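Reader: I have a model open and would like to go through a few local details with you. Could we start with a side chain in one of the loops?

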Amino acid sequence: MKFTVSSQLLRDNLSKIYGVVGSNNVITILDNFLFTLEKDKLTVISSDVEISMKVEIDVQSSDSGSLAVPAKKLMDTIKFIADQPLLMSINETENALDIKTNNGDYKLTGFNAKEFPELAQIKDAQLVNIDSTTLNHAIGQASFAIGTDESRKAMTGLYCQFDKDGATFVATDAQKLVRFKRRDVNSAGTFNFILPKKVLAQLKTSLSGETSAVEISFNKNHCSFNFGNIYLICRLIESQYPDYNAVIPTNNPN
């Protein structure tokens, strides 16, 4: 099973999802990227159980198959390869990935793709659409105020609220508080959830330079973001966010 892909294209796309891969994964298989080839489309998934990301990359191929590939070794291998076509071969029998370049050949030993956990499914989901630039700006404006005290779990994430008046993003560590509002976001109802801080870092990286609509799908347990060729799904912080409005002065003349 073989496919050809630009080294620069592969490197750029893998960089978007590499941050999900943890350094101390309890489950060994999560140290890997899951490669799934379906003819001219290569889908790559990374996960740490709490967060999973998927990217789709255009390749040249007529084959199909899958393999779990060591993420760090692959990133180290392609990091300094000049922009050129890479001929990559997946051997599902030996669980190996062969890479042929103009400067030499590489072989990485992987794992059976069936060991990689499946992406979570969001049932009974609510939907909200938001412009990628707006979401990226909101994260940048508010996330610096997120707390780190694990005993106050709700405050270790970004509180997102959507209603008929627009969207509100709130972050606080009990010393400082940021409330960022947008009136140009449409919502069919009133919804709210708390995003973990690691998710925000991944979104910032992936949304950089992106100019498209972001479809946000969520229920009480999970939330997903779908934009461009990126799909991110995460487990939400299930906790009650403090009443931030109570500490914002309503009659302050300054």
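Reader: Which backbone nitrogen does the side chain of asparagine 219 reach at 2.8 Å?
Author: Bearing in mind that this is a predicted model, the side chain of asparagine 219 reaches the backbone nitrogen of histidine 222 at that distance of 2.8 Å. The side chain of asparagine 219 also reaches the backbone nitrogen of asparagine 221, at 2.9 Å.

Reader: And where is asparagine 219 found?
Author: Asparagine 219 is found in the loop between strand 14, residues 213-218, and strand 15, residues 222-227.

Reader: Does it count as buried or exposed?
Author: Asparagine 219 has a relative accessibility of 17%, and because buried means under 20%, it counts as buried. If its neighbours within four places in sequence are left aside, asparagine 219 is in contact with Ile122, Lys123, Asp124 and Leu236.

Reader: Switching to the open sheet, in what order do the four strands come?
Author: The order is 12-11-10-13, with antiparallel pairing. Strand 12 (177-182) and strand 13 (191-196) stand at the edges with a single partner strand each, so one side of each has no neighbour in the sheet. On average, and ignoring direction, neighbouring strands of this sheet are turned by 15° against each other.

Reader: What packs on that sheet?
Author: Helix 3, residues 132-142, packs on it and touches strand 10, strand 11 and strand 12, its direction making about 160° with that of strand 12. Helix 4, residues 197-207, packs on the sheet as well, touching strand 10 and strand 13, and its direction makes about 85° with that of strand 13.

Reader: How many bridges join strand 11 to strand 12?
Author: Six bridges join these two antiparallel strands. Threonine 168 stands opposite lysine 181 in strand 12, and valine 170 stands opposite arginine 179 in strand 12. Their hairpin has four residues between the strands, and in this hairpin alanine 174 takes a positive phi near 80°.

Reader: One more topic, helix 2: which residues are buried there?
Author: In helix 2, residues 71-78, the buried residues are Ala71, Leu74, Met75, Thr77 and Ile78. Seen down the axis of helix 2, these buried residues fall within an arc of 160°, so they line one face of the helix. Lys72 and Lys73, on the other side of helix 2, are exposed.

Reader: And what covers the buried residues of helix 2?
Author: The cover includes helix 1 (7-18) together with strand 2, strand 5, strand 6, strand 7 and strand 8.

Technical notes: Residues numbered from 1 in each chain as written. Predicted model: local features only at pLDDT ≥ 70, side-chain atom pairs only at ≥ 80, totals over all residues. Heavy atoms only, no water. Pairing = 2+ DSSP bridges. Axes fitted to C-alpha atoms, helices over the stretch in contact; angles between N-to-C directions. Contact = heavy atoms within 4.5 Å. Buried < 20%, exposed > 50% of the residue type's maximum accessible area, 1.4 Å probe, protein only. Arc of directions from axis to C-beta. Polar contact = N/O pair within 3.5 Å; in protein donor to acceptor, adjacent residues only side chain to side chain.
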